[in-house]
Amino acid sequence: MNSSRLTPALARTASAIAITACLMLPNIAAAQDAPAAQAEQTPQDETATGDEIVVTGIRASLDQAIAIKRNSAGVVDAISAEDIGKFPDTNLAESLQRITGVSITRANGEGSQVAVRGFSGGFNLVTVNGRQLPATSIDTSTGNAFARGTGRSFDFQNLASEGVATLEVYKTGRANIPSGGIGAAINIITRRPLDARESGLSGSIGAKALYDTTVENAEGDLSKITPEVSGLINWKNDAGTFGVTLFGSYQLRESTSIQSNPNYWNIVPLAAFMARDGVYTTAATNITNTPTTPYVQIPNDSRYQFSENRRERLNGQAVVQFKPSDALEITIDGLYARNKLSDERSEQTNWFQRPFSDVTFDDNKHMQSAVILAEAKQADKGYEQQRFATDTELYSIGGNLKWNFTDNLSLTLDANHSKSTTNPDNSNGSSATTISIGAPVRATHRVDFTSGFPQQSETINDCNATNGGRGGNCNNQLDIGDMGTQIARTITAEQEARINQYGAEFAWDLGEGSRFVFGGDYVDAKMRSATSIPSRCWATGASPTPGW
């Protein structure tokens with residue numbers, strides 16, 4: 001006798017089918033009793049049930065981002081534009097910070113570079129449509145007159161967000177993702193004309209303005225209105241075989257900022273600071289909250305800064321796509337970006353003279369810092385006028401061919417040439433020009449970092465007879481007659497990066513969601529950086545100040 005036995009899984013399935021059938025029996029009987037006319041569907045009904053439902057807007061953006069994460073091998077995060085030209089941020093750095101694990105650094109209040117999982121911009125690789133992007137940046141935004149283009153950190157201030165379709169952040173390595181990003185590989189995907197939902201002409205034009213009250217106290221004639229205009233035009237033929245996309249963006253921003261920060265902090269061994277040998281302290285120095293950590297932090301100076309900033313950014317993109325059949329697709333695209341930055345800065349500096357008369361430390365258990373310092377030694381007050389200006393240009397031209405020569409086999413070829421340059425943009429040909437003036441009239445100086453914005457207090461002695469013969473006109477006022485040695489510097493820094501890239505990829509679809517991909521990339525990268533710092537010194541007014 002032949003017998004059969006259901007496996008447990010099959011038995012559970014059979015039971016579920018039986019229960020479902022029992023629950024459906026009343027409905028089946030009711031359907032049999034219904035009139036035959038109601039059971040028949042008209043052609044109009046059949047057409048209605050076959051209508052296509054298209055999801056757009058925020059829901060479509062979220063679905064697309066989720067699909068990228070779900071279908072990608074490894075850890076990938078992505079965000080997509082809500083609709084054509086609808087990334088709502090100032091630039092791509094602002095958009096990228098929406099992704100988990102991504103933080104940004106700011107320059108003059110605007111996102112500049114990105115850090116992924118703690119790795120700063122120099123450890124992340126940036127690509128556009130899978131192609132490596134050259135990076136040049138001479139960042140003088142924090143008053144760094146001696147900034148040089150020595151890194152490869154990409155400055156996302158250069159790119160507007162409206163011309164981007166998707167941002168992908170690959171947090172784990174993959175064979176088909178260019179290497180070189182320890183933190184992550186960030187891929188910028190631009191618009192493609194054949195991806196448009198509708199044929200014919202479509203697009204978006206946007207304009208916005210920001211009212212900036214920070215310029216109210218500016219010395220220069222700065223505009224309170226920050227204008228921004230962008231436009232994206234797409235055309236696709238009815239057959240979906242040919243399309244063109246054009247994108248342009250222009251933004252002008254003027255702003256001001258007020259800062260107070262030391263030039264840098266000295267890390268000093270505790271034993272050296274407490275030696276009472278006259279280097280940092282003497283036997284008469286009053287120390288509050290005596291430090292116990294192995295090292296302490298001592299600021300090198302205390303300074304106030306006021307700067308007037310200007311940024312002018314121009315972006316453009318063009319894409320041509322040709323798809324004569326399902327087996328062949330050709331894409332040619334170009335990108336251009338120009339970002340002009342300038343900063344006019346006034347700075348007041350008080351260099352700390354040692355030994356200190358009073359020092360108060362904080363309660364940090366790892367490394368205590370001096371938060372109140374006082375000194376009573378005749379010294380200089382420093383005044384400096386600075387102007388920084390750089391001009392960055394970036395362009396990229398590439399072509400891509402994808403050929404599906406069978407149902408399961410495809411070949412992709414890609415070539416790209418891109419170049420980025422950052423050059424000085426001051427009228428005298430420099431990236432930074434500084435003029436420093438010293439006044440040797442400061443008798444005492446105290447700074448307090450505990451109240452948030454550092455508070456400075458000082459006394460002035462401009463009488464030559466009582467200030468060590470260091471100059472001054474002895475009228476008890478700080479004026480032109482007290483000015484001493486002056487230094488002028490012109491710093492010229494420039495950087496250039498060029499990349500030629502070629503790639504080929506062969507793919508074999510094995511079915512059931514499996515693929516075999518084989519390919520390679522050839523990247524020819526070249527970077528050049530140059531800096532010169534000539535300076536000159538002269539004296540006027542009071543006696544020359546030693547040490548300048």
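Which residues line the second largest cavity? In this predicted model, residues are numbered from 1 along each chain as its sequence is written, and local features need pLDDT of at least 70, side-chain atom pairs count only at pLDDT 80 or more, and totals for chains, interfaces and linings use all residues. Side-chain values use heavy atoms, with hydrogens and water left out.

The lining of the second largest cavity consists of Val128, Asn129, Arg131, Thr190, Gln317, Val319, Asp333, Gly334, Leu335 and Ser396. A cavity is here a set of points, on a 1 Å grid over the protein atoms alone, where a 1.4 Å probe fits but cannot get out, and lining residues have an atom within 4 Å of a point. The space in this second largest cavity amounts to about 70 Å³, a volume being the space filled by probe spheres set on the points, which are joined across faces, edges and corners. Four cavities of 30 Å³ or more are found in a search of the whole structure. Two or more lining residues of the second largest cavity are given by each of strand E14 (301-325) and strand E15 (328-351), and the largest share, three residues, comes from E15. By class, the lining comprises three nonpolar, five polar and two charged residues; Ala, Val, Leu, Ile, Met, Phe, Trp, Tyr, Cys and Pro count as nonpolar, Asp, Glu, Lys and Arg as charged, and the others, Gly among them, as polar.

The protein chain has six helices and 24 strands, which are DSSP runs (helices H or I, at least four residues; strands E, at least two) numbered from the N terminus. E14 and E15 are antiparallel and pair over 23 bridges, where pairing requires that DSSP finds at least two bridges between two strands. The two strands are joined by a hairpin through two residues, and Phe306 has Ser346 in E15 as its bridge partner. E15 also runs antiparallel to strand E18 (residues 379-403), with 22 bridges between them; Glu329 stands opposite Lys402 in E18.

Of the 548 residues in the protein chain, 42% are buried, that is, under 20% relative accessible area with a 1.4 Å probe and protein chains only. The largest nonpolar core has 25 residues, and Leu96, Val114, Phe154, Phe156, Leu159 and Ile188 have the most contacts inside it. Such a core is a set of buried Ala, Val, Leu, Ile, Met, Phe, Trp, Tyr and Cys residues joined through side-chain atoms within 4.5 Å. The elements that each supply at least two residues of this core include strand E6 (164-170), strand E7 (184-190) and E15. Another core, of 17 residues, lies apart from it and includes Ile287, Ile298, Phe356 and Phe449. In E6, seven of its seven residues are buried. E6 and E7 are antiparallel and joined by six bridges, with Val169 standing opposite Ile186 in E7.

Gln132, in strand E5 (residues 131-132), has a relative accessible area of 19% and is therefore buried. Beyond residues up to four places away in sequence, Gln132 is in contact (heavy atoms within 4.5 Å) with Leu125, Val126, Thr127, Asn416, Ser418, Ile499, Gln501 and Val523. Thr433 lies in strand E20 (residues 432-448). Its C-alpha atom is separated by 5.7 Å from that of Gln386, 47 residues apart along the chain. In the protein chain, 73% of the contacts with a separation of 6 or more are between residues 24 or more positions apart.

Definitions and conventions. On a 1 Å grid over the protein atoms alone, a cavity is a set of points where a 1.4 Å probe fits but cannot get out, and a pocket is an open set with protein on both sides within 12 Å along at least five of seven lines; lining residues have an atom within 4 Å of a point. Buried means under 20% relative accessible area, exposed over 50%, partly exposed in between (1.4 Å probe, protein chains only).
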